[in-house]
Amino acid sequence: MDRDGAGGKGTWGRLIDADTATFLDRNDPNYDSDEEPYELIEAPATTPLEDYKKSLVTIIEEYFSTGDVKQTGSDLKELGYDDFHRYFVKKLVSMAMDRHDKEKEMVSVLLSSLYGDGLSSTQIKLGFVMLLQAVDDLAVDIPDAVDVLALFIARAVVDDILPPAFLNKAKGSLTESSKGLQVLQIAAKSYLSAPHHAELLERRWGGSTHITVEEVKRRITDLLKEYIKNGDTAEACRCIRELAVPFFHHEVVKRAATLGMESPAAETLIVKLLKEASEEGLISSSQMVKGFSRIVESLDDLSLDIPSAKSQFQTLVSKAVSEGWLDSSYESSGANGSVQDDDHEKLRRYKREAVSMIHEYFLSDDIPELIRTLKELGLPEYNPVFIKKLITIAMDRKNREKEMASVLLSSLSMELFSNEDIVKGFIMLLESAEDTALDILDASDELGLFLARAVIDDVLAPLNLDEIGSILPPKCSGAETLNMARSLASARHAGERLLRCWGGGTGWAVEDAKDKITKLLEEYESGGDVGEACKCIREMGMPFFNHEVVKKALVMAMEKKKECTLSLLHECFGEGIITINQMTKGFSRVRDGLDDLALDIPDAREKFLSYVEHGKKNGWLVPSFGVAAST
């Protein structure tokens, strides 16, 4: 018997047992696994994205089984994480690609239904970009993946959930060997370029919109007439949605507005319906504009039956714009339609030309050729439009093109564009900054860099930023970008940092550039070839800094008492390497420093006067240039 009463038969032992540890024998007939000590195993932590992705398959399979769009939208909202919805788009389409036409049609209908009400345009675009990037892997298991994805993209464009510009924008995210490029090419050339492509794409998978255009028009007319009788806006919106033809909503707009003009008593109801449909996202902005544009085209015919059609339409446009359900950039061509049509067509042609010139410049890097082409176009009133196009295209390209755009802008400011043109161009960019950000995610930061770089390059004066700021609304996205540009341009060593911001051809420190200029001039002065020297200046890629070449060449001519560097300036000017503005700026800098130069070169003033005379004789300097500024 245990004396301390801790271990006798039938007892529980001491409260604290100091004996050696016992162990369980798994071979013992009385072994009970429940007596084994518990071992806590740490479960691997999952991220919110992993949890989100795990839920997607269940939601999508459920949708394929039930076809319940409303429930699927509700399930997606319950998941939360709106910024992850791109993965839903990718998973939804990729699962349908390997299924029957029924599921493919269901996916297109679901994306169209959830657009703007559960799925943002940005997330849809990003989802399709991810699909394009993954199509090489998808093609391993789905042999016709390229063609099927092209169909999905073309259908999304027709359904107005992807902008047509997506086809070009998406190319920048793909490698040259990616099958995604084939997808975009097939979508553009085989599907979206075909006659009646909208109807063909809607019917491709035998979808719910497998009805003729005439049938759709008849249904639209019937539902609008019914709406005018009962005034039930919610019911009318439901009927429009059930038509499932978002790419054809411009017909709803056109017929509704026409009914409103035919029956003035119904006008209030029509305005209410269109406004409600716009605010709900049922009728997109582009479809609304397209509908109004179609009315403009038929106004003359309408006026035969409705004499006041033009004035009524003008009133409707003003009301729509003021209430915010018609884009404010829309301009009707009511009374003077033919003149405005001509202007619009002229602007469209100019934009096409501008885009072509900019793409050509990015390939050739030929600034003089681009400036010559711009001069031949002879449309200086559109110079701000060119600036907007140049920077918008560059923002969606690589650093090389961004650097080239800044260099070109500097050259244009000296040779062709006025300061007012450039200010207007940047105002246009800042006013459209929010729209640009939908396609170029870091557009705000990039535009801020372009603005700050323009200040450093003397394309814009710091006061111009204040001028631009006074025009923009205080809390808009563009105003924030402008404030960022001010901070960048006023920061310490801003000049050198911004010259290197894109690591382009001008991406050296200013002192490095000066050193290169000195060396090439010394080499030329000691017997170098003028052609080689011109080539070196051109390859520096700093046309806005060529005034430094002029200044150093003039000072070297004074110091060495050799005027061969003037021959180099003559050659550079003749070839268009150094412009008259840069030449004048270089002469001005020498003129302003004559007093200091005279300490080392006693006849500096006399020499400079002779150089000025030589420059004016050869047309290097602007006529207003004078030599008295230093005194």
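Which residues touch the most other members of the largest nonpolar core? In this predicted model, numbered from 1 along each chain as its sequence is written, local features need pLDDT of at least 70 and side-chain atom pairs count only at pLDDT 80 or more, while totals for chains, interfaces and linings use all residues. Side-chain values rest on heavy atoms, with hydrogens and water left out.

The core in question has 55 residues, and F88, F128, L149 and I153 are the ones that touch the most other members. A nonpolar core here is a set of buried Ala, Val, Leu, Ile, Met, Phe, Trp, Tyr and Cys residues joined through side-chain atoms within 4.5 Å; buried means under 20% relative accessible area, exposed over 50%, and partly exposed in between (1.4 Å probe, protein chains only). Among the elements giving two or more residues to this core are α1 (48-66), α3 (85-97), α5 (121-141) and α8 (180-191), where helices are DSSP runs of H or I with at least four residues, numbered from the N terminus. Helix α6 hands over the largest share, twelve residues. As for L149, its contacts (heavy atoms within 4.5 Å), leaving aside neighbours within four places in sequence, are V93, M97, F128, L131, L132, V135 and V183. There is also a second, separate core of 51 residues, including I358, I393, V407 and L430.

On to the rings: the structure holds ten aromatic pairs. Rings of Phe, Tyr and Trp (its six-membered ring) pair if their centres lie within 6.5 Å, with planes under 30 degrees apart called stacked, over 60 edge-to-face and the rest tilted. F292 and F313 make a tilted pair because their ring centres are 5.8 Å apart and their planes sit at 35°. With F292 in α14 (residues 285-297) and F313 in α16 (residues 309-323), the pair ties together parts 21 residues apart in sequence. F292 is buried, at 0% relative accessibility, and F313 is buried at 0% too. Y361 and F362 also form a tilted pair, with centres 5.8 Å apart and planes at 40°; Y361 is buried at 2% relative accessibility and F362 at 3%. Elsewhere, Y52, F84 and Y87 form one aromatic cluster.

Helix α29 (residues 547-560) spans 20 Å from first C-alpha to last over its 14 residues, close to the expected 20 Å, which is 1.5 Å times one less than the number of residues. This helix is mostly covered, with ten of its 14 residues buried, including H547, E548, V549 and M558. Just after α29, K561 takes a positive phi of about 55°.
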